[in-house]
Amino acid sequence: MIDENLLKILACPVCKSDLHLDSKKLFCKMHCKVHYPIENGIIKLLPNAPDNNDKEMIIKKNVKKLFDSIEDYDVYSHAKGVVGEYEESKERSNVLKNLRLKKGSLILDAACGDGRFLELTGNSNIIGLDISLSLLNAAKKKGLKNILILGDLENLPFKDSVFDEIFAVRVLGHLPNINNAINEISRVLKKNGMVVIMDYNRYSLFYIRVLLKPFVKKLRDINKLSGWNKYYSVWKLNRLFKRNDLELVSKDYFLFAHLDFFKFRKHDILIPKILIKPLLNFGKFIDNHGPGFVKKFSSRIIVIGRKKI
């Protein structure tokens, strides 16, 4: 059941008006008159997608279709094999060390997926939002006590200035319009609130996948399905921050050893297996001891921003 405090921060994702509770659904009394169901403890605040061929909408539908079709959530979490386990551990440690998670703070995991960071933090004050119902159901099966919302990062179903902290992990590349998403994050953040974004680095070896896309059919298929053809630099994110009343507080680069560059399908490795461990060890050395200018070519970036006062 939705409590009164939660109802105070929720808003219609279409018109941003107040939502009202009626039995097992929420509804907007104002302009759009839309009803939003609550099923299996998940609040479904995803606007109905218009039936058109708009490029951004097609990408969004494909992303939802892709993640709704995922059944092997270990693959989704990149947690299989020696490379996957290392990548997962580095992602977790680098994201967690940059979160404040202050007691009593209201926090949003924007694109929470199957709830891996909700589970890691054990913080029930974190609201999990994702566009995939399948992934939210997977999070629900973990027994998490967090509020889970089916929603769109570009149309957040919250009122202005309600969150103390927001974090988004590996989601930007799936978004058809990143400026809309950053604008929405800024809108729902309180003044002086913090945002932590971790994603793929444009200036990395991994970005060569995008450059190879016109020549490699497997890459064309993957990017066409998921819309994953956008990789961002710290410079680009800083520009988006400034445009949306956010200021860059800090930045970092990590995970030089991203061997997914060589992998285009599950179990489809394009380099000899005998080379995987030496390359991984080399990447670990760069991660731990490499000079700063080399680390800037790592596969991940993490940027921390603050809502301007």
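The model is predicted, so local features are reported only at pLDDT of at least 70 and side-chain atom pairs only at pLDDT 80 or more, whereas totals for chains, interfaces and linings use all residues. Residues are numbered from 1 along each chain as its sequence is written, and side-chain values use heavy atoms, with hydrogens and water left out.

Helices (H or I, at least four residues) and strands (E, at least two) are DSSP runs, numbered from the N terminus. Two strands are said to pair if DSSP finds at least two bridges between them. On this basis, the model contains an open sheet of 11 strands in the order β1-β2-β3-β4-β7-β6-β5-β8-β9-β13-β10, and its pairing is mixed. Strands β1 (19–22) and β10 (246–254) stand at the edges; each has a single partner strand, so one side of each is left without a neighbour in the sheet. From one strand to the next, the twist averages 20°. Angles here run from 0 to 180 degrees between N-to-C directions, and axes are lines fitted to C-alpha atoms, for helices over the stretch in contact.

Strand β9 is mostly covered, as nine of its 12 residues are buried. Buried means under 20% relative accessible area, exposed over 50% and partly exposed in between (1.4 Å probe, protein chains only).

Two hairpins involve strand β3. Strand β2 (residues 25–28) and strand β3 (residues 35–39) run antiparallel and are joined by three bridges, with Lys25 opposite Pro37 in β3. Six residues lie between these strands in the hairpin, where Lys33 takes a positive phi near 60°. Strand β3 is in turn joined by two bridges to strand β4 (residues 42–44), again in an antiparallel arrangement. Here Ile38 stands opposite Ile43 in β4. The hairpin of β3 and β4 has two residues between the strands, and Asn40 takes a positive phi near 55°.

Two packed helices are described by the angle between their axes and the distance between the axes. The axes of helix α7 (residues 178–188) and α10 come within 9 Å and cross at roughly 50°. That makes α7 oblique to α10; angles under 35 degrees count as roughly parallel, over 145 as roughly antiparallel, 65 to 115 as roughly perpendicular and the rest as oblique. The crossing of α7 and α10 is right-handed, a term used if the near helix is turned clockwise from the far one by less than a right angle (left-handed if anticlockwise). Ile178, Asn179 and Ile182 of α7 make the contact with Leu237, Leu240, Phe241 and Arg243 of α10. Eight of the 11 residues of α7 are buried, so this helix is largely enclosed by the rest of the structure. The buried residues, among them Ala181, Ile185 and Val188, pack against β8, β9, α10, β10 and β13.

A search of the whole structure finds four aromatic pairs. Rings of Phe, Tyr and Trp (its six-membered ring) pair if their centres lie within 6.5 Å; planes under 30 degrees apart count as stacked, over 60 as edge-to-face and the rest as tilted. The ring centres of Phe117 and Phe167 are 6.1 Å apart and their planes stand at 80°, so this pair is edge-to-face. Phe117 in helix α5 (residues 116–121) and Phe167 in strand β8 (residues 163–169) are 50 residues apart, and the pair thus links distant parts of the chain. Both Phe117 and Phe167 are buried. Tyr200 and Tyr231 form a tilted pair, with 6.0 Å from centre to centre and 50° between the planes. Tyr200 belongs to strand β9 and Tyr231 to the loop between α9 (217–226) and α10, 31 residues apart. Tyr200 and Tyr231 are likewise buried.

Leu101 is found in the loop between α4 (81–96) and β5 (107–110). At 26% relative accessibility, Leu101 counts as partly exposed. Residues up to four places away in sequence aside, Leu101 touches Ile107, Thr121, Asn123, Ile126 and Glu165. The C-alpha atoms of Leu101 and Ile126 are separated by 8.7 Å, and the two residues lie 25 residues apart along the chain.

Key
Contact = heavy atoms within 4.5 Å.
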